[in-house]
Amino acid sequence: MSAAAEPIKRRKTRQRALILKILRSTKSHPTADWIYNQVRKEIPDISLGTVYRNLRLLKEMGEIQELQWGSTYSRFDGNPREHYHFNCLQCGRVLDVDIDVQQFLEELVEKKHGWKVTGHRLEFWGLCHSCREEPREVK
Ligand code: ZN
Ligand code: MN
């Protein structure tokens, strides 16, 4: 069957499954642009808008997470479980932090302020292993 003859519903399902597969196969917390370039290797005529739409949908479905830092572009995480991240200030890597989510922080804030706390965000930053060991190179 040619790509044009493929039923729309099946095409949409295939696009979404591929985007999810790509995200689940990397630990790099990629941007939408990076994902778009990977998807295009298998579906050359896909648009960036379609990739964005699918990322939004997968996020709503609870399959992936969107990581946002203020005004900078989002990165995406194929791991939907709550966990913390470490940002390398030199190379820009985003790494998973292997500690438990600190639930007591929410209780602490609830007790202090009397709010109903339903979540929190905690970020770490500094230098990753390779940036710590190697002096900065201009490439
Ligand atoms: Zn680094
Ligand atoms: Mn992560």
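Is Arg24 buried, exposed or partly exposed? Arg24 is partly exposed, with a relative accessible area of 42%. Here buried means under 20% relative accessible area, exposed over 50%, and partly exposed in between (1.4 Å probe, protein chains only).

The views below show a predicted model, in which local features need pLDDT of at least 70, side-chain atom pairs count only at pLDDT 80 or more, and totals for chains, interfaces and linings use all residues. Residues are numbered from 1 along each chain as its sequence is written, chains are lettered from A and ligands numbered from 1 in the order in which they are written, and side-chain values use heavy atoms, with hydrogens and water left out.

**View 1. Arg24 and Glu63 meet in a salt bridge.** A salt bridge is a side-chain nitrogen of Lys or Arg within 4 Å of a carboxyl oxygen of Asp or Glu. By this rule the count comes to four. In this one, N and O are 3.1 Å apart. Arg24 belongs to helix α1, while Glu63 sits in the loop between α3 (48-60) and β1 (65-69). The two are 39 residues apart, so the bridge links distant parts of the chain. Helices (H or I, at least four residues) and strands (E, at least two) are DSSP runs, numbered from the N terminus. Glu63 is partly exposed, at a relative accessible area of 27%.

**View 2. Lys59 forms a salt bridge with Glu66.** The closest N and O atoms are 2.7 Å apart. Lys59 is partly exposed, with a relative accessible area of 37%. Glu66 is partly exposed too, with 24%.

**View 3. Glu110 pairs with Lys116, while Glu106 has no salt bridge.** The side chains of Glu110 and Lys116 meet at 3.6 Å, N to O. Glu110 is partly exposed, at 27% relative accessibility. Lys116 is exposed, with a relative accessible area of 68%. Glu106 lies in helix α4 (residues 104-113). Glu106 is buried, and the nearest side chain of opposite charge, Lys116, is 7.5 Å away. For charge, Lys and Arg count as positive and Asp and Glu as negative; His and the chain ends are not counted. Leaving out residues up to four places away in sequence, Glu106 touches Val117, Thr118, Gly119 and His120. Contact means heavy atoms within 4.5 Å.

**View 4. Four cysteines coordinate the zinc ion (ligand 1).** The donors are the SG atoms of Cys88, Cys91, Cys128 and Cys131, at 2.3 Å. Donors are N, O and S atoms within 2.8 Å of the metal (3.2 Å for Na, K and Ca); water is not among the atoms, so sites may look incomplete. Along the chain, the zinc donors follow the spacing C-x2-C-x36-C-x2-C. Cys88 lies in strand β3 and Cys131 in helix α5 (residues 129-133), so this pair ties together parts that are 43 residues apart in sequence. Both Cys88 and Cys131 are buried. The ideal angle for four tetrahedral donors is 109.5 degrees.

**View 5. Histidines and aspartates hold the manganese ion (ligand 2).** The donors are His29 (NE2), Asp77 (OD), His83 (NE2), His85 (NE2) and Asp96 (OD), at 2.0 to 2.3 Å. Their spacing along the chain is H-x47-D-x5-H-x1-H-x10-D. His29 sits in the loop between α1 (8-24) and α2 (32-42), and Asp96 in strand β4 (residues 94-97). This pair links distant parts of the chain, 67 residues apart. His29 is buried, at 2% relative accessibility. Asp96 is partly exposed, with a relative accessible area of 35%.

**View 6. Tyr84 and Phe124 form an aromatic pair.** A search of the whole structure finds one such pair. The geometry is edge-to-face: 6.0 Å centre to centre, 70° between the planes. Rings of Phe, Tyr and Trp (its six-membered ring) pair if their centres lie within 6.5 Å; planes under 30 degrees apart count as stacked, over 60 as edge-to-face and the rest as tilted. Tyr84 lies in strand β3 (residues 84-88) and Phe124 in strand β5 (residues 123-126), so the pair ties together parts that are 40 residues apart in sequence. Tyr84 is buried, at 3% relative accessible area. Phe124 is partly exposed, at 31%.

**View 7. Ile35 is buried in helix α2.** Its relative accessibility is 0%. Not counting residues up to four places away in sequence, Ile35 touches Ile19, Leu23, Pro30, Val51, Leu55 and Phe76.
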